[in-house]
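Dear colleague,

I am handing over the structure below, and my notes on it follow. Please read them with the model open beside you.

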Amino acid sequence: MEGLIKGLINVALDAVEGAGDREERRNQQTTSQEEEDERSRATWAEVVSSKSNDNQTEPHSTGAAYHRPTSWDRKEEGEGRRKEKWDNDEEKYYKPHHPPRRGQQDESEERKDEDWQTVGNKKQHHSASHGRPQKYEAWQGYKKPASEQNYSEGKLHSINTEPTQEELHDLSKACNRLWDLDQNRLVPGKDYEINVGEGKKVYNKGDMARENLFTWLSDDALRKPTMSRFCALLDNYNPHEGYKEDVTAQDKHEQTAFIEEISRTGPIKYVFRYLVAKGILNCDYEEFKRILISLWFNLYGRGGTSGCSSAFEHVFVGEIKNRGENEISGFHNWIQFYLEEAKGTVDYQGFIFPRRRGELPDSETQVLTVQFEWHGILKSVSSTLIGVSPEFEIALYTLCYFVGREDNQVNLGPYSVNIKCYRMGNDKIGSVFPIAEN
């Protein structure tokens with residue numbers, strides 16, 4: 001009898017609220033039951049230590065290297081106890097509250113069945129003459145101790161990396177300055193070409209892209225020092241969330257050498273000077289490099305398992321959540337997308353229509369919102385900066401982490417972007433990614 005009464009109540013609720021609202025309520029209940037991320041015991045006072053013999057950062061007590069405004073401290077007291085809300089944040093950002101009901105067709109779905117390509121079908125990959133990725137000989141050298149490696153000389157003497165007063169008071173202007181300082185950013189049509197295919201809404205099913213996203217990439221693009229070192233890092237991780245990472249001495253050499261390489265570029269130099277000028281950092285440049293290593297590569301817990309994730313792995317490599325239904329989280333880097341697409345593990349499904357009516361993306365667009373499958377698992381929406389350098393993304397996201405909030409409305413050249421930045425506790429990046437505003 002009690003079960004019958006509950007069933008009648010549920011029917012009544014559906015009639016009043018609609019099936020869509022009830023489903024949203026179920027999702028909220030499910031989210032509230034997810035396991036909390038394990039907080040790292042390390043503090044910034046422990047990770048900004050002096051170098052060890054192999055130029056690695058080891059936990060060691062020392063003075064605090066930076067100070068955040070007190071308003072941040074109050075805001076972040078509970079950050080370490082937050083659920084992983086960023087996992088589905090992009091999808092919520094683009095998905096309407098009530099997707100079309102069965103029987104209702106969206107205008108983008110009014111097409112013949114033969115126009116759709118079955119989800120999961122592999123597309124034809126391109127030949128080596130169009131930039132097919134390969135492991136360059138230089139990558140092997142990156143496994144040596146960082147102090148034994150050679151680095152680019154850099155051209156900082158001819159680049160002004162001092163922030164202006166206006167930039168110090170306006171995060172958007174500072175981020176736009178980073179865009180201007182990105183000398184290694186690739187040029188669409190010259191260094192690479194993409195085919196965005198056709199667009200779709202987040203809830204639309206089917207593959208709207210007959211071809212790969214990347215048509216070709218210049219052979220010289222991934223030989224740029226910072227990009228080459230970035231590529232060498234990508235295969236150091238197990239993408240399955242919940243599996244502890246086995247970080248070898250060679251992995252640490254690659255991490256340290258990557259930070260050393262990008263520290264010779266304008267964007268990283270600018271962020272250091274910006275944070276010092278703002279009074280957020282109180283350290284020299286060598287210690288700043290160690291802070292970057294800790295911020296991006298130190299392992300922490302995710303999904304109930306300690307030592308299984310890092311900011312670099314989540315944001316740039318991507319992770320596969322195995323709790324319940326398989327999901328893709330993170331994976332916001334164009335180089336990783338290109339390499340995985342070339343291997344056949346990524347299947348591009350088309351771009352996501354802008355939230356507001358406006359200009360649709362094309363082969364020249366460098367802030368792109370897409371849908372794709374990775375290892376056969378669908379990521380319904382993901383935003384990526386196309387063609388930018390690794391140093392630009394590290395600088396941009398580091399700056400927003402230290403100076404910004406959860407939502408950071410900024411301009412990057414011709415693009416209006418919201419940089420979403422989620423923190424874990426007071427010393428870790430949970431996730432950070434761009435969302436196109438126009």
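Which residues does Leu399 touch, not counting residues up to four places away in sequence? With contact meaning heavy atoms within 4.5 Å, Leu399 touches Leu171, Ala174, Cys175, Leu178, Val271, Tyr274, Leu275 and Gly404.

Before the rest, two remarks on how to read this. The model is predicted, so that local features need pLDDT of at least 70 and side-chain atom pairs count only at pLDDT 80 or more, while totals for chains, interfaces and linings use all residues. Residues are numbered from 1 along each chain as its sequence is written, and side-chain values use heavy atoms, with hydrogens and water left out.

The chain has 15 helices and 13 strands, which are DSSP runs numbered from the N terminus (helices H or I with at least four residues, strands E with at least two). Of its 438 residues, 52% count as buried, where buried means under 20% relative accessible area, exposed over 50% and partly exposed in between, with a 1.4 Å probe and protein chains only. Among contacts between residues at least 6 apart in sequence, 70% join residues at least 24 apart.

Leu399 is also one of the residues that touch the most other members of the largest nonpolar core, which has 90 residues, the others being Leu275, Phe288, Trp296 and Leu396. Such a core is a set of buried Ala, Val, Leu, Ile, Met, Phe, Trp, Tyr and Cys residues joined through side-chain atoms within 4.5 Å. Helix 15 (residues 390–403) gives the largest share of this core, with ten residues.

Helix 12 (residues 285–297) packs against helix 15 at an angle of about 90°, their axes being 12 Å apart; the axes are lines fitted to C-alpha atoms over the stretch in contact, and angles run from 0 to 180 degrees between N-to-C directions. Helix 12 is therefore roughly perpendicular to helix 15, a term used for angles of 65 to 115 degrees. On helix 12 the contact is made by Ile291, Leu292, Leu295 and Trp296, and on helix 15 by Ile394, Tyr397, Thr398, Tyr401 and Phe402.

The C-alpha atoms of Asp182 and Glu393 are separated by 9.6 Å, although the two are 211 residues apart along the chain. Glu167, in helix 7 (residues 165–168), counts as buried at 10% relative accessibility.

Turning to the strands, four of them form an open sheet of mixed pairing in the order 2-8-9-10, two strands being paired if DSSP finds at least two bridges between them. Strand 2 (199–200) and strand 10 (377–385) stand at the edges with a single partner strand each, so one side of each is left without a neighbour in the sheet. Strand 2 pairs with strand 8 (residues 346–352) in the parallel sense over two bridges, and the bridge partner of Lys200 in strand 8 is Ile352.

Strand 12 (residues 415–424) and strand 13 pair in the antiparallel sense over eight bridges. In their hairpin, which has three residues between the strands, Gly425 takes a positive phi near 70°. Strand 13 (residues 428–436) is mostly covered, with nine of its nine residues buried.

With best regards

Conventions:
Angles under 35 degrees count as roughly parallel, over 145 as roughly antiparallel, 65 to 115 as roughly perpendicular and the rest as oblique.
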